[in-house]
Each structure stands twice: as C-alpha cells, then as structure tokens.
Amino acid sequence: MAGRLPVLATPIDLPDGEVCHDYREISFIEATAAARHSGVGYLAVTCKRVMVLSPHGGSATRWHDIRHVQLQSDRAVQIITATTNLLVYCDEPQYVATLIIGALRRYTQHIPSSPPSNKRLVPNV
C-alpha cells in the first residue's frame, strides 16, 4: 500500500517503540576515513535507524545522519553518511533501496507546527 512501510517480527531485541521494516542477510563493505572492512551479516531497517549486524562488529546509523542512498547496478545499495560509505550486497537490492529511501523521507520530514490560534489563516477580502 502506498505510503506505508512493512512491519516485521525480527530475531533481534529492539527497544520499546522501535519497529523493524526489513531484516535480511547481506554482505557488505564499509569504508570510513580511518579504515575499511567487509563481512557478512544482517541488515535491519527500523523506525529509528539502519543497522548492520555482524559477528565481527556492526554499525547503526540514525535516519538524520544518512545523506544519500543509491542503487548500485542491480547488485548493491550504497548508503552514504557524513563519515561512512556503506555498500550492501543483498537479494532484491532495488526493493531495499526503495524501502530505505521511503523510510528516510518518512522519518526525516519536517512536520510544521500548527499556527497559533489567534492568527487568521485566510486574508481579509
């Protein structure tokens, strides 16, 4: 359904109020200014962050820290933050990229506050 994100049960414990939208096996390459490493693990896309879970360590990126998401050919999704370049290889990379972009728009949108009650919303005519 348009505008809605899937909610999945996952084998990982999440804090109260955090729901998972996608959980899948991946292989990844993560590069920072200091180091570069790769491995296999899981990608968890939640309402608060995108996580790479791996036996050798992982990462968690909050939605507001993501700068760009891009589909790389038909094999990988690239997630760029201010400090990290993450390349995720997985099944259905187009679906994963679309889901992450949709969640990014949903969780980072600016919600304007309501106007003060004493202000007119329509100009005098």
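Visitor: Where is Thr61 found?
Guide: Thr61 sits in strand S4. Strands (E, at least two residues) and helices (H or I, at least four) are DSSP runs, numbered from the N terminus. This is a predicted model: local features need pLDDT of at least 70, side-chain atom pairs count only at pLDDT 80 or more, and totals for chains, interfaces and linings use all residues. Residues are numbered from 1 along each chain as its sequence is written, and side-chain values use heavy atoms, with hydrogens and water left out.

Visitor: Does Thr61 count as buried or exposed?
Guide: Buried means under 20% relative accessible area, exposed over 50%, and partly exposed in between (1.4 Å probe, protein chains only). Thr61 has 18% relative accessibility, so Thr61 counts as buried.

Visitor: Which residues does Thr61 touch, not counting those up to four places away in sequence?
Guide: Contact means heavy atoms within 4.5 Å. On that basis Thr61 touches Lys48, Arg49, Val50, Ile66 and Thr81.

Visitor: How many cavities of 30 Å³ or more does a search of the whole structure find?
Guide: Start with the idea. Rolling a probe the size of a water molecule over the atoms shows where empty space is left. Here a cavity is a set of points, on a 1 Å grid over the protein atoms alone, where a 1.4 Å probe fits but cannot get out; lining residues have an atom within 4 Å of a point. The search finds 1 cavity of that size. The largest cavity holds about 60 Å³ of space. Volume means the space filled by probe spheres set on the points, which are joined across faces, edges and corners.

Visitor: Which residues line the largest cavity?
Guide: The lining is Glu30, Val50, Ser59, Thr61, Ile79, Thr81, Thr84 and Leu86. Strands S4 (59–62), S6 (76–81) and S7 (84–89) each give two or more residues to this lining.

Visitor: Ile79 is in that lining. Which residues is Ile79 in contact with, leaving aside neighbours within four places in sequence?
Guide: Ile79 contacts Val50, Ile66, His68, Thr84, Asn85, Leu86 and Ile100.

Visitor: Which residues touch the most other members of the largest nonpolar core?
Guide: In soluble globular proteins, nonpolar side chains tend to be buried together. A nonpolar core is a set of buried Ala, Val, Leu, Ile, Met, Phe, Trp, Tyr and Cys residues joined through side-chain atoms within 4.5 Å. The largest one has 21 residues, and Ile26, Leu43, Trp63, Ile66, Ile79 and Ile100 touch the most other members. Helix H1 (93–108) is among the elements that supply at least two residues. The largest share, 6 residues, comes from H1.

How values were computed:
On a 1 Å grid over the protein atoms alone, a cavity is a set of points where a 1.4 Å probe fits but cannot get out, and a pocket is an open set with protein on both sides within 12 Å along at least five of seven lines; lining residues have an atom within 4 Å of a point.
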